[in-house]
Amino acid sequence: MSNNLHILSHPLVNARLAKLREVSTTSKEFREGIHGLSIMLGYEASRDLEEITFQGQSPISSFRGSVTHSDAPVYHLGIYREKVSLQPLPPSPPIDMVFVLDPLIATGGTACAALGMITEWGIPKNKIKLLCILASEVGLQNVLAQYPGIEIWAAAVDPHLTPEGLISPGLGDTVSNSMHGYTDLTARES
């Protein structure tokens, strides 16, 4: 599909995804699974961040080490499927890298809306990484067609969308699952 598309291939990722897809998964287990997968995605997607080397002194001896930019600004871009008014972003972005977190990419519409806002804000495409727990093949194709050059990291890709535009097999209703556990297995969240 693209050299900028990275699908995590790891037994721990697969085990977490399998647990998320189980009907018996509790809301607590679902939230923990999403959290764990998010950390794994973030870890992999940030492996090429610039590091600053410094010298410091410990109570025992001198050491050399490196740290990542921990004082980087973080902005929340709240985008939902419904039309919502958003607060404006700062006018001149002091940004080295943007990580867009979209848990599920079904049709790619929400991801493209977020990417559109970010690129209009002046962030170059090569400074944007899109991270998702689960995507559909169609959704990824749509994102890559509209935003070539965007780097995408996904824990997994499901092959199908339902006629309603939902990922299949998917993860069920993600919002309900994270709050209340599985309530309706016929409704797949996008």
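The model is predicted. The chain has 190 residues, and 35% of them count as buried. It contains 5 helices and 9 strands.

**Overall layout**
- Read from the N terminus, the elements follow the order β-α-α-β-β-β-β-α-β-α-β-β-β-α.
- Among contacts with a separation of 6 or more, 60% link residues 24 or more positions apart.

**Salt bridges**
- Side chains of opposite charge can pair when their charged atoms come close.
- The whole structure holds 7 salt bridges.
- One of them joins D158 and R21, with an N to O distance of 2.9 Å. D158 lies in strand β7 and R21 in helix α1 (residues 11–21), so this pair ties together parts that are 137 residues apart in sequence.
- D158 counts as buried, at 5% relative accessibility. R21 is partly exposed, at 28%.
- E32 pairs with K28, and their closest N and O atoms are 2.5 Å apart. Both sit in helix α2, 4 residues apart, which means about one helical turn separates them. E32 is partly exposed, at 39% relative accessibility.
- E44 forms a salt bridge with R47, with the closest N and O atoms 2.8 Å apart. E44 is partly exposed at 21%, while R47 is exposed at 58%.
- K19, E22 and E29 belong to one network, joined by salt bridges that share partners.

- E151 is found in strand β7, which spans residues 151–158.
- Its relative accessibility is 17%; E151 counts as buried because the cut-off is under 20%.
- The E151 side chain makes a polar contact of 3.4 Å with the side chain of H6.
- Beyond its neighbours within four places in sequence, E151 touches N4, H6, I128, K129 and L130.

**Cysteines**
- A disulfide is a covalent bond between the sulfur atoms of two cysteines. This structure holds 0 disulfides.
- C112 is buried, at 8% relative accessibility. C132 is also buried, with a relative accessible area of 1%.

**A nonpolar surface patch**
- L49, F99 and L101 make a nonpolar surface patch of about 270 Å².
- L49 sits in the loop between α2 (27–45) and β2 (51–57).
- The relative accessible area of L49 is 31%, so this residue counts as partly exposed.

Definitions and conventions
Residues numbered from 1 in each chain as written. Predicted model: local features only at pLDDT ≥ 70, side-chain atom pairs only at ≥ 80, totals over all residues. Heavy atoms only, no water. Patch = residues over 30% accessible without salt bridge, like charges linked within 9 Å, V, L, I, M, F, W, Y side chains within 5 Å. Areas by Shrake-Rupley, 256 points an atom, 1.4 Å probe, with all protein chains shown as cover. Salt bridge = Lys/Arg side-chain N within 4 Å of Asp/Glu carboxyl O. Helix = DSSP H or I, 4+ residues; strand = E, 2+ residues; numbered from the N terminus. Buried < 20%, exposed > 50% of the residue type's maximum accessible area, 1.4 Å probe, protein only. Contact = heavy atoms within 4.5 Å. Polar contact = N/O pair within 3.5 Å; in protein donor to acceptor, adjacent residues only side chain to side chain. Disulfide = S-S within 2.5 Å.
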